[in-house]
Structures are given as structure tokens and as C-alpha cells.
Amino acid sequence: MIVDLNLLDKTVIVIGGGNEAQKRINSLLKQDCEILVISDSVNSQINKLVKTNKIKLKKQKIQDTKFISKLKPNMIITTTNDKNLNQKIINSAKRNKIIVYSSDNPEDSDFSNPAIIDFENMIQIAIFTGGRSPAMSKKIRIQSEKIFKKIITKEDIDQIKIQKIARKLAKEIIPTQTQRREYLRSIITDNKVEQLIKDGQLKKAERRAITILRNWK
């Protein structure tokens, strides 16, 4: 089962400062969570993120799991080359009911990382092998991305932006979920909204969606 965790304002600890840690950090940066890296050394890219205050760094070598009960994070990702240490972190995190992932042990981890095709952080398509073959996930992602770029248009992305705004406003005005769904579908099928989006007039399309909402019965 593929799920999208809501990590807004949550604390995620990443153990390690190499290329694998960097990959995990890059995927977390879009989640609006607090990222704390714990490592005695980090690569230049991670160091740059620290200097620009996008992530935090606790410079120390992890030798035990005492940091878990002390810091109480919501999620831990460990990327060290020490399999025994990684396993100890997995076991301790689970005892403390903390979501945990180890890059060298997806079988014991609470989740796996799919290969993601991302369109402006609005549409994400996951290629997932359940941790059986990350290399094949990456290969299929590269192949699939070429196809999906022909299918998903800029107009689709803009429609999602309009839907996000309309959905938020509809919750304040339209009382039932069924009616809200009908309203949002009406925006997708509205010819004027569609034409305004095609013409690149997103603000006018947004106002059109709000007008439909005001007249909704």
C-alpha cells in the first residue's frame, strides 16, 4: 500500500551525512517538516542546506540509540554503513512507536521509498517495487517520465491549483461533502474556466470558480 504521510511541522531525524542521506533529505524538503541531521561529517550539499537554514545539523557520531528517547522525533531515517547500528535504531524506534526507515534494511523498515515522478509538486506518480528493487524502480521511473510528460499538461497543473483554492473556500460555504464534490467537478467541466486556463489567465479562472461557488445552490 502506497501512502503519502503528512509530515507538516513534524520532526524527522536523518542519521548519516553522505549521498544516501542527501537523497532522503531532498525528498523531505518538500514536506514542510523540521529536518535534523545527526552525523560527524556531511557532504557539501548537505552542508549547504545547513548554512541556508533549510535543515539543522547535530555534529556527532552516533554510537547508541539514546538520542531517540531524548529528542523524541516523529520519524527516523538511518543511512549509516553500520548494519548493526541501523538495526538497533530500527528496534529502538519501534519500541518508542516512532516511524523508522533504514536504507540498508527496507524489509524491517516501516515504509519504503518509491521512485517519484513529480510535476511542480502538484502531481506525484510513484513507481514502487515494495523495496525489492530500487534500481528497477528508478529505471522504470525514467522510462515512464517521458510518457507522462506527454500526457500531463500545464493546463492540468493549473486546474489543480484552481481546485485547491476552490476546495478550501467550498468547505466554508457548501455544507455537505457530496455537494462539494459536485461543485468541484463543475469547475473541471466549466468551459469558461477551461478556456481561461488555456489562455494563461489563472487569476480570472480563479475568480470564475469563486463566482460559480457564490451562485451554488
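Student: Which residues are linked in a network of salt bridges?

Tutor: Let's start with one pair in this predicted model. The side chains of lysine 161 and glutamate 120 meet in a salt bridge, with N and O 3.5 Å apart. This pair belongs to a network of salt bridges, and its members are Glu120, Lys154, Asp158 and Lys161.

Student: How many salt bridges does the count come to?

Tutor: The rule asks for a side-chain nitrogen of Lys or Arg within 4 Å of a carboxyl oxygen of Asp or Glu. The idea behind it is friendly enough: side chains of opposite charge can pair when their charged atoms come close. By this rule, the count is 13.

Student: Which residue forms a salt bridge with lysine 94?

Tutor: Look for a carboxyl oxygen within 4 Å of the side-chain nitrogen. The closest N and O atoms of this pair are 3.9 Å apart, and lysine 94 itself lies in helix 4 (residues 83–95). The partner is in the loop between strand 5 and strand 6 (115–119), 16 residues away. That partner is aspartate 110.

Student: Arginine 208 forms a salt bridge with aspartate 190. Where is aspartate 190?

Tutor: The closest N and O atoms of this pair are 2.9 Å apart. Arginine 208 belongs to helix 9 (residues 202–214), 18 residues from its partner. Aspartate 190 is in the loop between helix 7 (177–189) and helix 8 (191–198).

Student: Is aspartate 190 buried or exposed?

Tutor: The cut-off for buried is under 20% relative accessible area. Arginine 208, with 25%, is partly exposed. Aspartate 190 has 12%, so aspartate 190 is buried.

Student: Let's move to the strands. In which sense do strand 1 and strand 2 pair?

Tutor: Strand 1 covers residues 11–15, and five bridges join it to strand 2. Isoleucine 15, for instance, stands opposite isoleucine 38 in strand 2. The sense of the pairing is parallel.

Student: Why is strand 2 largely enclosed by the rest of the structure?

Tutor: Strand 2 runs over residues 34–39, which is six residues. It is largely enclosed because the number of them that are buried is five.

Student: What does leucine 29 contact, leaving aside its neighbours within four places in sequence?

Tutor: First find leucine 29 in the loop between helix 1 (19–28) and strand 2. With 33% relative accessibility, leucine 29 counts as partly exposed. Its contacts beyond those neighbours are Ile35, Leu49, Lys54 and Ile55.

Student: And glutamine 22: is it buried or exposed?

Tutor: Glutamine 22 lies in helix 1. Not counting residues up to four places away in sequence, glutamine 22 touches Asn43, Gln45 and Ile46. Its relative accessible area is 18%, and under 20% means glutamine 22 is buried.

Student: Which residues form a nonpolar patch on the surface?

Tutor: One member is isoleucine 99, found in strand 5 (residues 99–102). Isoleucine 99 has 31% relative accessibility and counts as partly exposed. The patch has about 220 Å² of accessible area together, and its members are Val3, Leu5 and Ile99.

Student: Last one: what radius of gyration does the chain have?

Tutor: The chain contains nine helices and seven strands, and its C-alpha atoms fill a box of roughly 65 × 40 × 35 Å along the principal axes. A compact globule of 217 residues would have a radius of gyration near 17 Å. For the chain, the value is 22 Å.

Terms used: Residues are numbered from 1 along each chain as its sequence is written. This is a predicted model: local features need pLDDT of at least 70, side-chain atom pairs count only at pLDDT 80 or more; totals for chains, interfaces and linings use all residues. Side-chain values use heavy atoms; hydrogens and water are left out. Patches are made of residues with over 30% relative accessible area and no salt bridge: like charges are joined within 9 Å, nonpolar side chains (Val, Leu, Ile, Met, Phe, Trp, Tyr) within 5 Å. Accessible areas come from the Shrake-Rupley method with a 1.4 Å probe; for residues, only the protein chains shown count as cover. Helices (H or I, at least four residues) and strands (E, at least two) are DSSP runs, numbered from the N terminus. Buried means under 20% relative accessible area, exposed over 50%, partly exposed in between (1.4 Å probe, protein chains only). The radius of gyration is taken over C-alpha atoms; the globule rule is 2.2 Å times the number of residues to the power 0.38. Two strands pair if DSSP finds at least two bridges between them. Contact means heavy atoms within 4.5 Å.
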